[in-house]
Amino acid sequence: MALNYMAVAAINFLAALLSIPVIAAGIWLSTQTDNACVQLLQWPVIALGVAILAVGLAGFVAAFWRLPWLLLAYLVAMLLLLVALVCLAIFVFAVTTGASGRPAPGRAFLEYDLGDYSGWLRDRLDAPGRWNRIKTCLADTPTCADLNQTYATAQEFFAAAWLRPLQSGCCKPPTRCGYTFVTPTYWISPINAAADPDCATWSNEQAKYCYSCDSCKAGLLQNLRREWRRADLILAVTAAALLAVYAMGCYAFRTAKTDELFRRYRQGYT
């Protein structure tokens with residue numbers, strides 16, 4: 001019996017260790033410029049990881065000290081957390097489907113349209129006061145300033161195939177406006193200012209640029225999509241591993257309880 005309970009304890013400790021990649025994914029998201037400004041996913045992920053860690057350790061203690069009532073509570077709580085992790089992974093996948101950008105004429109980089117993204121994500125950006133806070137946060141980052149340090153000429157900038165979506169949407173006007181390049185963040189003389197509402201929104205002021213443009217929101221959502229998909233892969237793999245560990249834990253717990261019943265049965269006849 002002691003060996004069976006030790007097996008349960010080891011399995012529960014392994015479940016606690018599986019919280020580490022979840023917490024790490026949340027911390028990684030919080031270090032990304034765009035996620036740090038938006039603050040949507042990282043805290044739920046971190047909170048879920050911490051909860052899995054706490055419940056896993058509680059299950060380890062329960063098995064180590066042979067506390068059946070606490071083990072049952074652990075099994076129920078871990079099942080709920082497992083369901084929450086699976087639901088979160090599915091939800092993140094669902095809201096990040098589609099949208100990969102469109103090529104701009106004469107440009108190597110892509111541009112992005114806000115209508116291509118999940119309505120749920122768009123609604124989060126448009127919540128009262130949220131976008132003002134986000135664009136102020138983005139303006140305080142070196143996202144756009146880095147372009148001036150990297151690209152000196154129009155030819156270099158237009159050939160920048162690896163321009164980040166956030167830079168493409170927030171640091172320059174849309175290509176269809178027909179602005180003339182001076183520097184990556186300074187543009188003049190639009191040819192077709194009526195082509196897009198963002199054309200009139202663009203400003204050469206460092207604190208404004210295109211941070212109020214729909215193209216900036218689209219670039220931000222594309223950045224979020226890439227990063228959330230990477231985090232979602234970690235969540236999905238962890239959920240699968242946790243499900244396997246949970247199943248082993250249930251089997252080991254049942255075996256331990258069966259051995260205990262046989263032990264009591266034998267003692268009753270001796």
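## Salt bridges and helix packing

Let's start with a charged pair: arginine 102 forms a salt bridge with aspartate 116, and their closest N and O atoms sit 2.5 Å apart. (A salt bridge here is a side-chain nitrogen of Lys or Arg within 4 Å of a carboxyl oxygen of Asp or Glu.) The pair links distant parts of the chain, 14 residues apart: arginine 102 is in strand 1 (residues 102-103), while aspartate 116 is in the loop between strand 2 (110-111) and helix 6 (119-125). Helices (H or I, at least four residues) and strands (E, at least two) are DSSP runs, numbered from the N terminus.

A quick word on the model: it is predicted, so local features need pLDDT of at least 70 and side-chain atom pairs count only at pLDDT 80 or more, while totals for chains, interfaces and linings use all residues. Residues are numbered from 1 along each chain as its sequence is written, and side-chain values use heavy atoms, with hydrogens and water left out.

The structure holds 7 salt bridges. Here are three of them.

| Pair | Closest N and O atoms |
|---|---|
| Arginine 102 and aspartate 116 | 2.5 Å |
| Aspartate 126 and lysine 217 | 2.8 Å |
| Aspartate 196 and arginine 176 | 2.6 Å |

Aspartate 126 is in the loop between helix 6 and helix 7 (130-139) and lysine 217 is in helix 12, so this pair ties together parts that are 91 residues apart in sequence. Buried or exposed? For this we use relative accessible area: buried is under 20%, exposed is over 50%, and partly exposed is in between (1.4 Å probe, protein chains only). Lysine 217 counts as buried at 11%, while aspartate 126 is partly exposed at 44%.

Aspartate 196 is buried at 11% relative accessibility, and arginine 176 is partly exposed at 43%. Salt bridges that share partners also join Arg102, Asp113, Asp116, Arg176 and Asp196 into one network.

### Helices side by side

Now for helix 4 (residues 42-64) and helix 5 (residues 68-95): their axes come within 9 Å and cross at roughly 155°. (Axes are lines fitted to C-alpha atoms, for helices over the stretch in contact, and angles run from 0 to 180 degrees between N-to-C directions.) That makes the two helices roughly antiparallel, a label for angles over 145 degrees. Residues making the contact, meaning heavy atoms within 4.5 Å, include Val45 and Leu48 of helix 4 and Leu70 and Tyr74 of helix 5.

Helix 4 also packs with helix 2 (residues 19-31), at an angle of about 160° and with the axes 8 Å apart. Helix 2 and helix 4 are therefore roughly antiparallel too. Among the residues that meet are Val22 and Ile23 in helix 2 and Val45 and Ile46 in helix 4.

Most residues other than glycine have a negative phi. Arginine 66, in the loop between helix 4 and helix 5, has a positive phi of about 55°. Tyrosine 209 has a positive phi near 40°, and lies in the loop between helix 11 (197-201) and helix 12 (214-268). Arginine 66 is partly exposed at 39% relative accessible area, whereas tyrosine 209 is buried at 8%.

Technical notes: Parallel < 35°, antiparallel > 145°, perpendicular 65-115°, else oblique.
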